[in-house]
Amino acid sequence: LGGGKGDNLQAQLADALGLTYQLEGIDYGRPNWRVSDMALDQVRRAVLARGGDFSMFEPDFATAGLNRLLVKGILGLLGLADKLSGGRVRVMVKAVLIAALAQESIARGDMSDVAALDQGLMDAIIKDRNAVVVEDLREVLAGDTVPASIAIFYGAGHMVDLEQRLRDELGYVPGETSWYRAIEVDLTKLPESMRDLEGLQGQIEEMLGRRRDD
């Protein structure tokens, strides 16, 4: 979404919410790390091979500049509104994010109900990229020196398919599950009427349900 930080909308959104942008918070150049992924052109070819629609990721040069300015303007207004509200806007946006990410299908990494994305696109983005990870893992495991432990760092949407591949193709079985805090929000900064996180989760669940029914 852009070159430097000043032009990167994801980094700007992270700044607006008081979060750390992934590419700035993680050192991908460490010697014990391996980046296992497909280049954008490879993903494009995989999507088209599966009969999917890649157009949502293609730059529309007629409107890209205008859209970028619009999003940057919204992010600027978000920062201004947060300052004027004494930090309440940032807390509210974080609460909405947490409520959305707590949805059962999202929490378990099941992206099959994302109606906005066609199956060919989803299969390429999830399954084909996961296949690259598994092949790299095979290579590491077949090497002369096998690490004592290996961690696969990927987004939640990849996990259902990735777990199945580890089971079926490599014979792994689940051991134990550990959860770590990724984001926190102080709801006491909001008016009491806006602190009902469970109610917000219910509203989002109802909205997603209606969208799937439409």
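Modeller: Here is a walk through that part, after a word on confidence.

This is a predicted model, in which local features need pLDDT of at least 70 and side-chain atom pairs count only at pLDDT 80 or more, while totals for chains, interfaces and linings use all residues. Residues are numbered from 1 along each chain as its sequence is written, and side-chain values use heavy atoms, with hydrogens and water left out.

The pLDDT is the predictor's confidence in each residue, from 0 to 100. The protein averages 78, and 70% of the residues score at least 70. Over residues 1–5 the pLDDT is below 50. Beyond near neighbours in sequence, that stretch has twelve contacts in the model; a contact means heavy atoms within 4.5 Å. Among the elements, helix α3 (residues 40–49) has the highest mean pLDDT, 94. Helix α6 (residues 104–107) has the lowest, 60. Helices (H or I, at least four residues) and strands (E, at least two) are DSSP runs, numbered from the N terminus.

Now the rings. The structure holds two aromatic pairs. Rings of Phe, Tyr and Trp (its six-membered ring) pair if their centres lie within 6.5 Å; planes under 30 degrees apart count as stacked, over 60 as edge-to-face and the rest as tilted. Y28 and W33 make an edge-to-face pair, 5.6 Å centre to centre with 90° between the planes. W33 also pairs with F153: the centres are 6.0 Å apart and the planes at 50°, so this pair is tilted. W33 lies in the loop between α2 (22–25) and α3, and F153 in the loop between α7 and α8, so the pair ties together parts that are 120 residues apart in sequence.

Y28 is partly exposed at 27%. W33 is partly exposed at 29%.

S36 is also in the loop between α2 and α3. S36 is buried, at 17%. Leaving aside neighbours within four places in sequence, S36 is in contact with V132, V133, D136 and Y154. The C-alpha atoms of S36 and Y154 are separated by 9.8 Å, though the two are 118 residues apart along the chain.

Next, the charges. The structure holds 13 salt bridges. A salt bridge is a side-chain nitrogen of Lys or Arg within 4 Å of a carboxyl oxygen of Asp or Glu. R138 bridges to E169, with the closest N and O atoms 3.2 Å apart. R138 lies in helix α7 and E169 in the loop between α8 and α9 (197–213), so the pair ties together parts that are 31 residues apart in sequence. R138 is partly exposed at 32%, and E169 is partly exposed at 35%.

R165 pairs with D161, the closest N and O atoms being 2.7 Å apart. Being four residues apart in helix α8, these two are separated by about one helical turn. Both R165 and D161 are buried. E163 pairs with R167 at 3.0 Å between the closest N and O atoms. E163 and R167 are also four residues apart in helix α8, about one helical turn. E163 is partly exposed at 39%, and R167 at 34%. Salt bridges that share partners join E135, R138, D161, R165 and E169 into one network.

Notes: Buried < 20%, exposed > 50% of the residue type's maximum accessible area, 1.4 Å probe, protein only.
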